[in-house]
Amino acid sequence: MPTQPQNRETTTAPDTDPRFEIPLRGIDVDPETRCAHWDDPVDVVALRFGCCEAYYPCDACHDAAADHEAVPWPRDRFDEPAVLCGACRTTLTAREYLAADDDVCPACGAAFNPGCRKHRDRYFETDGDGAVDL
Ligand SMILES: [Zn+2]
Ligand SMILES: [Zn+2]
Ligand SMILES: [Zn+2]
């Protein structure tokens, strides 16, 4: 069961969710970017994909809301905003997000899900041996 069953929006391409300043879409998205797939209190991160420049709460949201395969954020753009904190709506560069070793938002201190580290390769281009290096 969703922790916040109200205020859920599903937005699919080419539309974007009007509640957010940046282009964002996904499935059952709450105002802090929890979604149908990741719905714990700490699931407040949305990530941008290189294929369509939009943010999604997770890769399953991308695959459900877009009409193409997800392309991870490219290494040569790690200094561009690619991560949204749903708690304070601040965008972080990929480098800021990946370099933080405490799993909290550097802007507001919201806790991020530490389990996201296990599948960073779905969201950020790897160096060829499966690691996301800065
Ligand atoms: Zn895409
Ligand atoms: Zn999702
Ligand atoms: Zn924040």
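**The nonpolar core and its surrounding elements**

The largest nonpolar core holds 29 residues, and those touching the most other members are Val45, Ala46, Leu47, Tyr55, Tyr56, Val83 and Ala94. Two or more residues each come from strand 2, strand 3, strand 4 (55-56), helix 1 (59-65), strand 5 and helix 2 (94-99). Strand 5 gives the most to this core, with 4 residues. The model described here is predicted. In soluble globular proteins, nonpolar side chains tend to be buried together.

The overall architecture was examined next. The protein has 2 helices and 6 strands. From the N terminus on, these elements run β-β-β-β-α-β-β-α. The C-alpha trace spans about 40 × 35 × 25 Å along its principal axes. The radius of gyration is 14 Å, which agrees with the value near 14 Å for a compact globule of 134 residues. Buried residues account for 31% of the 134 residues. Among contacts between residues at least 6 apart in sequence, 42% join residues at least 24 apart.

Four strands form an open sheet in the order 4-3-5-6, with antiparallel pairing. Strand 4 and strand 6 are the edge strands, and each pairs on one side only. Strands of a sheet pair through backbone hydrogen bonds, either parallel or antiparallel. Strand 5, residues 81-85, is mostly covered, with 4 of its 5 residues buried. Strand 5 pairs with strand 3 in the antiparallel sense over 3 bridges. Strand 5 also pairs with strand 6 (residues 91-93), again antiparallel and over 3 bridges.

Leu47 has Val83 of strand 5 as its bridge partner. Val83 in turn stands opposite Leu92 in strand 6. Pro81 stands opposite Thr93, also in strand 6. Both Leu47 and Val83 belong to the core residues that touch the most other members. Leaving aside neighbours within four places in sequence, Leu47 is in contact with Tyr55, Tyr56, Ala82, Val83 and Tyr123. Strand 5 and strand 6 form a hairpin with 5 residues between them. Arg89, in the turn of this hairpin, has a positive phi of about 65 degrees.

Strand 2 was considered through Gly26, which is found in this strand. Gly26 counts as buried because 29 C-beta neighbours lie inside 10 Å. Beyond four places in sequence, the contacts of Gly26 are Thr11, Cys35, Tyr56, Pro57, Cys61 and Ala65. Gly26 and Glu9 are 17 residues apart in sequence, and their C-alpha atoms are 7.8 Å apart.

His37 lies in the loop between strand 2 (26-29) and strand 3 (45-48). With 15 C-beta neighbours inside 10 Å, His37 counts as partly exposed. Not counting residues up to four places away in sequence, His37 touches Cys58, Ala60 and Cys61. His37 and Leu84 are 47 residues apart in sequence and 17 Å apart in space, C-alpha to C-alpha.

Most residues other than glycine have a negative phi, and most peptide bonds are trans. A cis peptide bond joins Ala13 and Pro14, with omega about 5 degrees. Pro14 lies in the loop between strand 1 (9-11) and strand 2. Glu53 is not a glycine, yet has a positive phi of about 65 degrees. Glu53 is placed in the loop between strand 3 and strand 4. With 11 other C-beta atoms within 10 Å, Glu53 is exposed. Asp103, likewise not a glycine, has a positive phi of about 55 degrees. The place of Asp103 is in the segment after helix 2. Asp103 counts as partly exposed, with 15 C-beta neighbours inside 10 Å.

The UniProt record, an unreviewed entry, places the feature "domain: CHY-type" at residues 28-110. Over residues 28-110 the chain is 16% helix and 19% strand. The end C-alpha atoms of this stretch are 21 Å apart.

Conventions: Residues are numbered from 1 along each chain as its sequence is written. Chains are lettered from A and ligands numbered from 1 in the order in which they are written. This is a predicted model: local features need pLDDT of at least 70, side-chain atom pairs count only at pLDDT 80 or more; totals for chains, interfaces and linings use all residues. UniProt positions are given in the numbering used here, feature names are shortened, and annotations may be inferred rather than shown by experiment. A residue is buried if 20 or more other C-beta atoms lie within 10 Å of its own, exposed if 12 or fewer, and partly exposed in between; C-beta atoms are placed from the backbone. Two residues are in contact if their C-beta atoms, placed from the backbone, lie within 7 Å. Two strands pair if DSSP finds at least two bridges between them. The radius of gyration is taken over C-alpha atoms; the globule rule is 2.2 Å times the number of residues to the power 0.38. A nonpolar core is a set of buried Ala, Val, Leu, Ile, Met, Phe, Trp, Tyr and Cys residues joined through C-beta atoms within 7 Å.
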